[in-house]
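Subject: Structure handover

Hello,

Here is the structure for you to look over. My notes follow below it.

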Amino acid sequence: MDRNSVIGLVLIALIMIVWMRFMAPENKPLQDASPEVATTLFEEGKASDGNAAGQARETGVNSSYGEFSVASEGREELFTIDNELFTAVLSSHGATLKSMVLKKHLDSERQPFDLVKNSDSGSLSLFFLTSDGKQVDTRDLYFTPSVESKEISLSGNRTFSITYGLQTAPGRKIAITWNFTGNSYAVGYDVEMDGLQNAIAGNEYQIQWDGGLAHSEKNDHDELQSSWAAAYMGGGMMKLDASDPAKTYREEQSGLAGWVAVRTKYFVASLIPASATSGVYLTGKTNAEKTFEDYTAALKFELPATEKVHRESLSLFVGPIDYNVLHDLDVHLEKIMDFGWDWLTRPFAEYIILPIFNLLNKFIGNYGLIIIIFALLIKLVTYPLTMASTKSMKKMSALQPVMKELQEKYKDNPAKLQSELGRIYKEAGVNPLGGCLPVLLQMPLLFAMFYVFRSSIQLRQEGFLWAKDLSLPDSILDLGFSIPLYGDHIALFPILMGGAVYLQQKITPTAQTNDQMKAMLYIFPVMMLLFFNNLPAGLGLYYLMFNIFSIAQTYYINKTTSSDDLPNISVSGPAPSKAPKRKKGTKKR
């Protein structure tokens, strides 16, 4: 590996470090809402402001529910739905979802876990202000279920519906219907309001997911980095990340929404409307003591004053952030997956890496083997570039005596020196920067793979050799203390990768033999070791295998390149071409 290649790789490493540590999107508070401000907004909202519902929720000043107080007391009844993918629990206290346990995904202890963080009150509800200024969250009200049974099991395409009803007065009621299918994460959520067209302030209400999602991973800080709320509007995603514990973040937008969602590292809860919305409402704050970011994501709907019976339908998705599953919903919910820059790394992730992984996964069940095959495919695709680069570097190495002679001859005439070097490069057919090209072309792919391996649930808890989880570092020893830049554990793949990088540099022709290049022979593998020690094992495995394939390729090129392939150029100009060999059997005249 010559100086240009090393410089290119060092720049990549530096860019990645800076990119992740300093260039991450700023977690800017979109609107900072202090309690005093929120209270003021709520008081103003009691008049007629349609946005008052979202603003007033934060005050918590109301203790009664107006005409809905008749439903504030009752007995809670739970109903369990068990399908092929999850076990869900509904409650008549709020007609809400109190528990969602996925069957194919376990927590870091490999145990079933509940995604619903608000297990006491539930997470889904209707929220609105009454015309007399009372704020109502339907989780505070008791509904009557339409069935007397306590549980049901579903499979395949079998469906089941349960309706929760609430009546405040003759001709004034709310009905919420849940619709389940045996083989789907998506759950239907239908709302019917009868006779309430003049009972809700601002003729607007919200359907909200409140309380975020429970963490599934052992590293809470890693979960926080991937936790946020989002809304899809106008073909783009609006993201709210409550990263600063000292602030409360809030965002409201009017218009049509494709969905709103809250997510953790590997799971998402999303509300997907079936009809036009009037806007979205997102809020979030960090609970530093519990190392948790609490988010609310809501869809806003209009309730026209002339509409006696109002109906609204949406789909609730609570499940894994699996690209294929989210893409099949056909609402662009896969956009919530973080693949880095949309204009550069995301296309690599969506149209190259994931399709190849999905194709290979149809034949190979082990993702460690899939990563190795993927590394081989990338090496084969880049083979022409790296072969040309290696040969160019060998030619550059062969030109070193001539270049040193030129540098000595024209040391007092830099312009002439550059002119002569250009002539030498042209006659030899080499490009001094050619060694960087294959590395630079792989840079966006490497960045995209970093994001895919870091966020893809397919690698989660998938083991390979000594690595128990390819989405986490392959730690073989916990140090019990942290070393700056290295971490608190020793991962084996980065160590092997550092050795492979050293060996590859050792056998790669170089055009430089100064002390700096000799130092880089050791510095660069150490940098890669430090950088990869805390990255997913899948990424370390990929880069280890890619370097091993590169070593084999370089060894082959070195063995098959003869002295006749190298340039024979002198300071005064190209050497005379050799006389052609006389064919056997011909006689000298």
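One definition to begin: buried means under 20% relative accessible area, exposed over 50%, and partly exposed in between (1.4 Å probe, protein chains only). L465 counts as exposed because its relative accessibility is 63%.

This is a predicted model, where local features need pLDDT of at least 70 and side-chain atom pairs pLDDT 80 or more, while totals for chains, interfaces and linings use all residues. Numbering starts from 1 along each chain as its sequence is written, and side-chain values use heavy atoms, without hydrogens and water.

Surface patch. L465 sits in the loop between α11 (436–455) and β20 (475–483). Helices (H or I, at least four residues) and strands (E, at least two) are DSSP runs, numbered from the N terminus. Together with W466, I476, L477 and L496, L465 makes a nonpolar surface patch of about 470 Å². Patch residues have over 30% relative accessible area and no salt bridge; like charges are joined within 9 Å, nonpolar side chains (Val, Leu, Ile, Met, Phe, Trp, Tyr) within 5 Å. A salt bridge puts a side-chain nitrogen of Lys or Arg within 4 Å of a carboxyl oxygen of Asp or Glu. Areas are Shrake-Rupley values with a 1.4 Å probe; for residues, only the protein chains shown count as cover.

Backbone. R110 is not a glycine, yet its phi is positive, about 60°. R110 lies in the loop between β3 (96–102) and β4 (124–129). R110 is partly exposed, at 40% relative accessibility.

Sheet. β1 (residues 78–82) runs parallel to β7, joined by three bridges. Strands pair if DSSP finds at least two bridges between them. I81 has I152 of β7 as its bridge partner.

Best wishes
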